[in-house]
Amino acid sequence: MTIAAKFEIEFLQYLGPDGTLVRDDLPEAGRDTARLLELFKQMLFVRTFDTKAIALQRTGKLGTYASCLGHEATHVGIGASMRPEDVFAPSYREYGAQFMRGVQPREVLLYWGGDERGNAFEHAPHDFAWCVPISTQCLHAAGAALSFKLRKQPRIAVSTCGDGGSSKTDFYAALNSAGAYELPLVLCVINNGWAISVPRSAQTGAQTLAQKGLAGGLHCLQVDGNDLIAVLEAMRQASERARKGYGGTVLEFVTYRLSDHTTADDARRYRDDAEVKAAWERDPITRLRIWLTAQGLWSEAEEAKWKEECGARVDVEVNAYLNTPVQPVEAMFDYLYADPPPELLAQRAAAIAAEGRHG
Ligand SMILES: Cc1ncc(C[n+]2csc(CCOP(=O)(O)OP(=O)(O)O)c2C)c(N)n1
Ligand SMILES: [Mg+2]
């Protein structure tokens, strides 16, 4: 038999679910304990924010919201691995990555509160807005990566999509172009086990989602997405390859969606409690807390103090959101067309009249 090609997919993990190391060849990301501690604190902040956002939605102060519970290590690790001049093209729940890029929590709240001004990130000028049409952001990132290559800039584009998103043509087209043109693109597939009510097992016949990149000639790696050290090391490898001109990477981060899909969903209708309970055993925050505590870098008292500070910081953001004057009703018509068609102009006038104003 003649073999045309052979492939293997590596699974990267350093810190196991019980908070102990599963291998002793720690990469730089695992030895830089000061940075790990900062990122752990950031993960706690993200969880505090997420809990508050759900409470806001439940009390009628926010529209539908997509929780990031359980994804903290993957999200924070991705954002922490990028340089300010790079470009991030997210889907809709990667707040942890976005906060590391400079997006403000108040902007996230504005967006989910139905105010598109939340999309205009004051301190993350290079990044794309949230992208709800599944995986189309992968193509935006590929386009950005192509422009970096043509301009000979040492920048990279990073995009995130879900396990469900990795079934979309846009994802395949993005990885194909990255392979064909050797683009500085990092495609992060965040495999959280579910695409709304579709489980990973029904999503694809592929053994791993990482291997999808093989078809495009990309570097591929499967990563424990609940292990911050593994996330940082995987991102380092992929970013270095991209920046040095060796082309793109597909990283599959294996994590779990501990929440409902969004606040408009009730996952108890299609998901076993036992599965969720087992997933909590792999929680990214717990395992890093155990490890940092064992290193003498963290304690219960410090956590209590930090959580209080997180709460206060989140309150400032929530107040900024709640105190943002709402846009005039006609704003929803004003950024679609340079010359709106007559039907829209009529609707615009009707909306203003319904508010009791004359526009
Ligand atoms: C093109 C397109 N088709 C369908 C939808 C409806 N939709 C919203 S989220 C979602 C599931 C996405 O699952 P996954 O990619 O795993 O991401 P996750 O929500 O788990 O982060 C679907 C089908 C959409 N937003 N866009
Ligand atoms: Mg998913």
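Predicted model: local features only at pLDDT ≥ 70, side-chain atom pairs only at ≥ 80, totals over all residues.
In which helix do Glu 240 and Arg 236 both lie, and how many residues apart are they? Both belong to helix H9 (residues 228-243), where they sit 4 residues apart, about one turn of the helix. Helices here are DSSP runs of H or I with at least four residues, strands are runs of E with at least two, and both are numbered from the N terminus.

Residues are numbered from 1 along each chain as its sequence is written, chains are lettered from A and ligands numbered from 1 in the order in which they are written, and side-chain values use heavy atoms, with hydrogens and water left out.

A salt bridge is a side-chain nitrogen of Lys or Arg within 4 Å of a carboxyl oxygen of Asp or Glu. Glu 240 also forms one with Lys 244, where the closest N and O atoms are 3.8 Å apart. Through shared partners, salt bridges join Glu 233, Arg 236, Glu 240 and Lys 244 into one network. Glu 240 is partly exposed at 35% relative accessibility, as is Arg 236 at 37%, whereas Lys 244 is exposed at 54%. For these words, buried means under 20% relative accessible area, exposed over 50%, and partly exposed in between (1.4 Å probe, protein chains only). The structure holds 20 salt bridges, and another of them links the side chains of Asp 25 and Arg 23 at 2.8 Å, N to O.

Strand S4 shows a contrasting setting. With 7 of its 7 residues (185-191) buried, S4 is largely enclosed by the rest of the structure. Leu 185, Leu 187, Val 189 and Asn 191 point one way from S4, while Val 186, Cys 188 and Ile 190 point the other way. S4 pairs in the parallel sense with strand S3 (residues 157-162) over 6 bridges; two strands pair if DSSP finds at least two bridges between them. Ser 159 stands opposite Leu 187 in S4. From S3 the chain crosses through helix H7 (residues 169-180) to S4, a right-handed β-α-β crossover. Right-handed means that, with the strands pointing away from the viewer, the path from the first strand over the helix to the second runs clockwise. S4 also runs parallel to strand S8 (residues 249-254), joined by 6 bridges, and Phe 253 in S8 is the bridge partner of Ile 190.

Asp 163 lies in the loop between S3 and H7 and Asn 192 in the loop between S4 and strand S5 (194-195), so the pair ties together parts that are 29 residues apart in sequence. Asp 163 is buried at 1% relative accessible area, and Asn 192 is buried at 6%.
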